[in-house]
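Here is a short tour of one protein model, written for someone who likes to know which residues touch which. Please keep the sequence and the 3D view open as you read.

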Amino acid sequence: MKKFLTIISFLLILFVVGCSNNTSSSNDGKEQDKSGGNNNASESWKPEKAIEIVAPAGAGGGWDTTARMAAKVFEEEKIIDQAIGVVNKPGGGGAVAWAYIHSLKASPYNLFITSPPMLLVPLNGQSEFDFEDFTPIANVIADYAAIAVRADAKWNNLNELFEDMKKDPSSISVVGASSPGSMDHIQFIKVAKAAGVDIKKVKYVSDQDGGALTQLLNGSVQVYSTGVAETLEQVNVGKIKVLGVTSKERLKGEVLQDFPTALEQGIDATFVNWRGFFGPPEMDPAVVKYYEEKFKELSDSDAWAEIRKQYGWDEMYMNHKEFKKFLTEERETMKVLLDELGIGK
């Protein structure tokens with residue numbers, strides 16, 4: 001009997017050990033299945049409802065136009081199946097929109113478009129958020145600055161303008177639609193500095209209410225710092241002339257090809273108005289990957305190429321990793337200029 005009980009006990013021990021191993025194996029399998037399942041679901045993430053793109057300014061500007069054109073191509077080319085709405089949230093040079101997006105932590109349905117003010121506004125102390133507080137997804141285009149004057153102005157090129165500014169910088173007013181220390185100001189300052197102008201004495205007038213061009217045309221100011229696309233209509237009707245643009249080479253297209261670069265006028269300066277899309281902080285990497293690929297598809301499409309041609313934009317796609325590296329480097333360049341002007345925080 002004792003021997004029988006010993007055998008039974010031994011068999012029970014084997015049974016328990018076997019069950020334990022099976023349970024462990026089963027649990028391991030479940031963990032692997034769970035992880036693998038999450039990864040597969042993550043990799044195949046797709047939006048299940050409408051997407052919102054925020055333009056951090058009013059209708060008609062560069063942010064608004066780029067966002068609306070991107071939404072149009074996404075829908076018409078069926079790159080993204082869900083509806084895409086563009087919402088304007090102006091104020092603070094972008095800061096109002098950034099605060100709104102920041103509050104939507106990890107949302108996969110809220111994107112925003114931005115450009116150099118995303119670097120400049122935080123650097124000059126006008127926003128508590130900078131690009132690292134959000135999720136860079138992809139850059140899609142390069143736009144460029146134009147330095148324009150009235151058609152009847154005495155200057156016919158940048159060198160003539162800057163020679164007068166070297167003599168008395170404050171006698172010539174430069175107007176832009178951005179705040180001091182933001183894009184329209186800094187793009188002009190970068191070129192003026194390269195031309196030898198004392199940039200601390202440049203008189204910059206900020207008109208964020210849409211009246212910058214009017215000020216130029218009525219003679220209140222002498223120079224207009226803006227984007228290339230914003231000059232085309234007035235150049236076509238003969239009211240203004242573009243003295244120079246900040247691209248490396250002449251732009252392609254009717255009218256655009258007539259605009260000389262600063263470089264070809266002997267001024268060693270360029271300025272790229274990159275324009276890209278971001279999401280809220282803490283976006284799931286799978287969501288980032290989805291949008292990154294969709295923006296690449298947009299950038300490669302014939303429809304987007306036509307829009308770039310229409311507005312004088314260059315192709316400048318960067319994925320999440322490339323975009324983040326670029327932004328880090330650009331921020332350092334912008335900081336140097338702001339510090340020299342004495343308006344960096």
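In which loop is the place of alanine 106? Alanine 106 sits in the loop between helix H3 (95–102) and S3. Keep in mind throughout that this is a predicted model.

Alanine 106 counts as partly exposed, with a relative accessibility of 36%.

Lysine 78 is another non-glycine residue with a positive phi, here about 55°. To find lysine 78, look in the loop between H2 and strand S2 (84–88). Its relative accessibility is 65%, so lysine 78 counts as exposed.

Asparagine 110 is part of strand S3 (residues 110–114). Is asparagine 110 buried or exposed? With a relative accessibility of 11%, asparagine 110 counts as buried, because the cut-off for buried is under 20%.

The side chain of asparagine 110 has polar partners that you can pick out in the viewer. Another, at 2.6 Å, goes to the side chain of serine 107. Leaving aside residues up to four places away in sequence, asparagine 110 touches Glu52, Tyr100, Ile101, Leu104, Phe278, Gly279 and Pro280.

## Salt bridges

How many salt bridges does a search of the whole structure find? The search finds 15. A few of them are worth a visit.

Start with glutamate 76 and lysine 72, which form a salt bridge with their closest N and O atoms 3.4 Å apart. The two residues are 4 apart in helix H2 (residues 62–76), so about one helical turn separates glutamate 76 from lysine 72. Glutamate 76 is exposed at a relative accessible area of 53%, while lysine 72 is partly exposed at 38%.

Next comes aspartate 130, which forms a salt bridge with arginine 331; here the closest N and O atoms are 2.9 Å apart. Aspartate 130 belongs to the loop between helix H4 (117–123) and strand S4 (135–150), and arginine 331 to helix H11 (residues 320–341), so this pair ties together parts that are 201 residues apart in sequence. Aspartate 130 and arginine 331 are both buried. Another salt bridge joins the side chains of arginine 275 and aspartate 143, at 2.8 Å from N to O. Since arginine 275 is in strand S9 (residues 272–279) and aspartate 143 in strand S4, the pair ties together parts 132 residues apart in sequence. Arginine 275 and aspartate 143 are both buried. Salt bridges with shared partners also join Asp130, Glu132 and Arg331 into one network.

## How the helices cross

Two packed helices are described by the angle between their axes and the distance between the axes. Take H2 and helix H9 (residues 285–300): their axes come within 10 Å and cross at roughly 90°. H2 and H9 are therefore roughly perpendicular to each other. Ala70, Val73 and Phe74 of H2 make the contact with Lys294, Phe295 and Leu298 of H9. By class, this contact of H2 with H9 has 5 nonpolar residues, no polar ones and 1 charged.

On the H6 side you will find His185, Ile186, Ile189, Lys190 and Lys193, which meet Thr333, Met334, Leu337, Leu338, Glu340 and Leu341 in H11. The residues of the contact of H6 with H11 divide into 6 nonpolar, 2 polar and 3 charged.

H6 also packs with helix H5 (residues 158–167), at an angle of about 85° and with the axes 10 Å apart. H5 and H6 are therefore roughly perpendicular to each other. Leu158, Leu161, Phe162 and Met165 of H5 make this contact with Phe188, Val191 and Ala192 of H6. The contact of H5 with H6 has 7 nonpolar residues, no polar and no charged.

How values were computed: Residues are numbered from 1 along each chain as its sequence is written. This is a predicted model: local features need pLDDT of at least 70, side-chain atom pairs count only at pLDDT 80 or more; totals for chains, interfaces and linings use all residues. Side-chain values use heavy atoms; hydrogens and water are left out. A salt bridge is a side-chain nitrogen of Lys or Arg within 4 Å of a carboxyl oxygen of Asp or Glu. Buried means under 20% relative accessible area, exposed over 50%, partly exposed in between (1.4 Å probe, protein chains only). Axes are lines fitted to C-alpha atoms, for helices over the stretch in contact, and angles run from 0 to 180 degrees between N-to-C directions. Angles under 35 degrees count as roughly parallel, over 145 as roughly antiparallel, 65 to 115 as roughly perpendicular and the rest as oblique. Contact means heavy atoms within 4.5 Å. Ala, Val, Leu, Ile, Met, Phe, Trp, Tyr, Cys and Pro count as nonpolar, Asp, Glu, Lys and Arg as charged, and the others, Gly among them, as polar. A polar contact is a pair of N or O atoms within 3.5 Å; within protein, one must be able to donate a hydrogen and the other to accept it, and residues adjacent in sequence count only if both atoms are side-chain atoms.
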